[in-house]
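Please look over the points below with the model open.

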Amino acid sequence: MPRCLVRGSINVDEFFQVKDFVRPGQTISSTELVKRLGGKGANQSVAIARAGGVVDFVGAIGSDGLGVRDDLKNAGVNVDQTRLVEESTGRAIIQVNAAGENSIILFKGANYASITPPPIHPDTTYMVFQNEVPLASTIEFLTLARGSNIATVFNPSPMPTPDELRSFPFDKITWLVVNEGEVAELCEALDVAVKTEGFDLVEDARKLVLGLAGRLRSTNIICTLGADGVLAKFCVSDECVHLPAAKLQGPPLDTTGAGDCFTGYMVAGLMQLEGNVVSEHIAVLQRAIQAAGMCVERAGAASSIPLRAEVESRLR
Ligand code: ADP
Ligand code: NA
């Protein structure tokens with residue numbers, strides 16, 4: 001079975017239900033506290049596992065993170081390379097007010113601990129990165145991948161600084177996954193001149209993706225557009241394909257984690273392909289879009305990522 005290595009973040013997300021956000025000097029009570037597994041690396045790993053992929057998560061927790069590491073393991077992710085370090089686990093303190101809005105404090109903690117790469121399993125065919133761990137570590141793992149013919153997926157979220165982007169080795173990235181805001185920031189940082197009109201989100205994003213693709217010629221670019229679906233620019237084609245979002249059964253309930261669900265399903269699908277056939281890549285993206293839509297129909301992040309069989313039943 002092909003394997004995928006995710007080098008990324010794992011957090012304890014703490015949701016405090018409050019009437020109004022706390023103000024300076026004020027102490028308020030929370031009516032409810034829910035702790036959940038979080039972090040983009042962990043969420044994408046859960047999505048890869050639920051989609052049927054074999055996934056090794058490489059990250060770090062403190063002794064206060066054993067519970068979320070167990071959650072990750074119980075979701076079917078191999079956590080043998082999840083290191084225990086002398087720091088606090090990454091943590092998000094999330095106030096949720098009566099209107100359902102969030103206010104978040106993020107502590108990176110153990111996610112920024114330096115870790116040495118593990119021996120790479122010989123069956124590894126993909127490596128997956130976000131930007132919630134030190135960028136230097138991402139680059140170190142990318143260099144390992146290059147030496148061993150492993151395909152790489154990079155979801156640069158949160159965005160690196162313009163300086164970091166200018167020196168980033170994009171030639172080592174096989175698949176870049178961005179949203180409409182991130183593709184605009186990337187074009188800006190890399191001096192890719194694109195004129196957008198500001199009327200049509202899909203058309204503006206298409207121009208940005210095509211502009212960026214002209215610069216990153218060896219990278220496939222996937223741009224997610226929320227309720228407007230996905231744009232795909234494959235290296236082997238000059239076109240930029242638009243795939244609409246999934247039809248939801250009911251109103252969008254919670255978009256948290258939809259992007260991570262999409263990326264995880266995309267990776268698991270790519271791992272199962274053998275050749276480089278555009279129609280097969282599009283089928284993989286359509287399954288990932290359906291999975292992300294189902295994630296939006298449910299509350300929660302990692303917990304709302306659907307199982308492969310549920311996704312397949314909705315595609316039929
Ligand atoms: P991010 O949170 O990373 O910006 P997006 O908001 O673009 O990610 O969402 C990722 C994917 O989730 C979209 O491409 C789409 O397929 C799906 N999605 C997000 N919001 C909706 C929605 N309101 N309706 C249907 N699908 C959605
Ligand atoms: Na999202």
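This is a predicted model: local features need pLDDT of at least 70, side-chain atom pairs count only at pLDDT 80 or more; totals for chains, interfaces and linings use all residues.

1. Residues are numbered from 1 along each chain as its sequence is written, chains are lettered from A and ligands numbered from 1 in the order in which they are written, and side-chain values use heavy atoms, with hydrogens and water left out.

2. The shell around ligand 1 has 17 residues, the closest being Asn179, Thr224, Gly226, Gly229 and Ala292; a residue is near a molecule if one of its heavy atoms lies within 4 Å of it. Eleven of the shell residues are nonpolar, six are polar and none is charged. Gly counts as polar here, and Ala and Tyr as nonpolar.

3. Polar contacts are pairs of N or O atoms within 3.5 Å. The side chain of Thr224 has an N or O atom 2.7 Å from an oxygen atom of ligand 1. For Asn179, a polar side-chain atom is 2.9 Å from a ligand oxygen, while Gly229 uses a backbone N or O atom at 3.1 Å. Alone, ligand 1 exposes 550 Å², of which the protein buries 81% (Shrake-Rupley method, 1.4 Å probe).

4. Helices H7 (258-271) and H8 (278-297) each give at least two residues to this shell, and H8 has the largest share, with three. Helices are DSSP runs of H or I with at least four residues, and strands are runs of E with at least two.

5. Where does ligand 1 sit? It is in the second largest pocket, in the sense that more than half of its atoms lie within 2 Å of the grid points. A pocket is an open set of points on a 1 Å grid over the protein atoms alone, where a 1.4 Å probe fits, with protein on both sides within 12 Å along at least five of seven lines; lining residues have an atom within 4 Å of a point.

6. The second largest pocket holds about 580 Å³ of space. Its lining has 28 residues, and Thr224, Leu225, Gly226, Ala258 and Gly259 are closest to the centre. H7 supplies the largest share of this lining, five residues.

7. The largest pocket has about 890 Å³ of space. Among its 35 lining residues, Asp13, Phe15, Ile94, Ile104 and Thr256 lie nearest the centre. Strand S2 (11-17) gives the largest share, five residues. This lining comprises 14 nonpolar, 13 polar and eight charged residues.

Methods. A polar contact is a pair of N or O atoms within 3.5 Å; within protein, one must be able to donate a hydrogen and the other to accept it, and residues adjacent in sequence count only if both atoms are side-chain atoms. Grid points are joined across faces, edges and corners, and a volume is the space filled by probe spheres set on the points.
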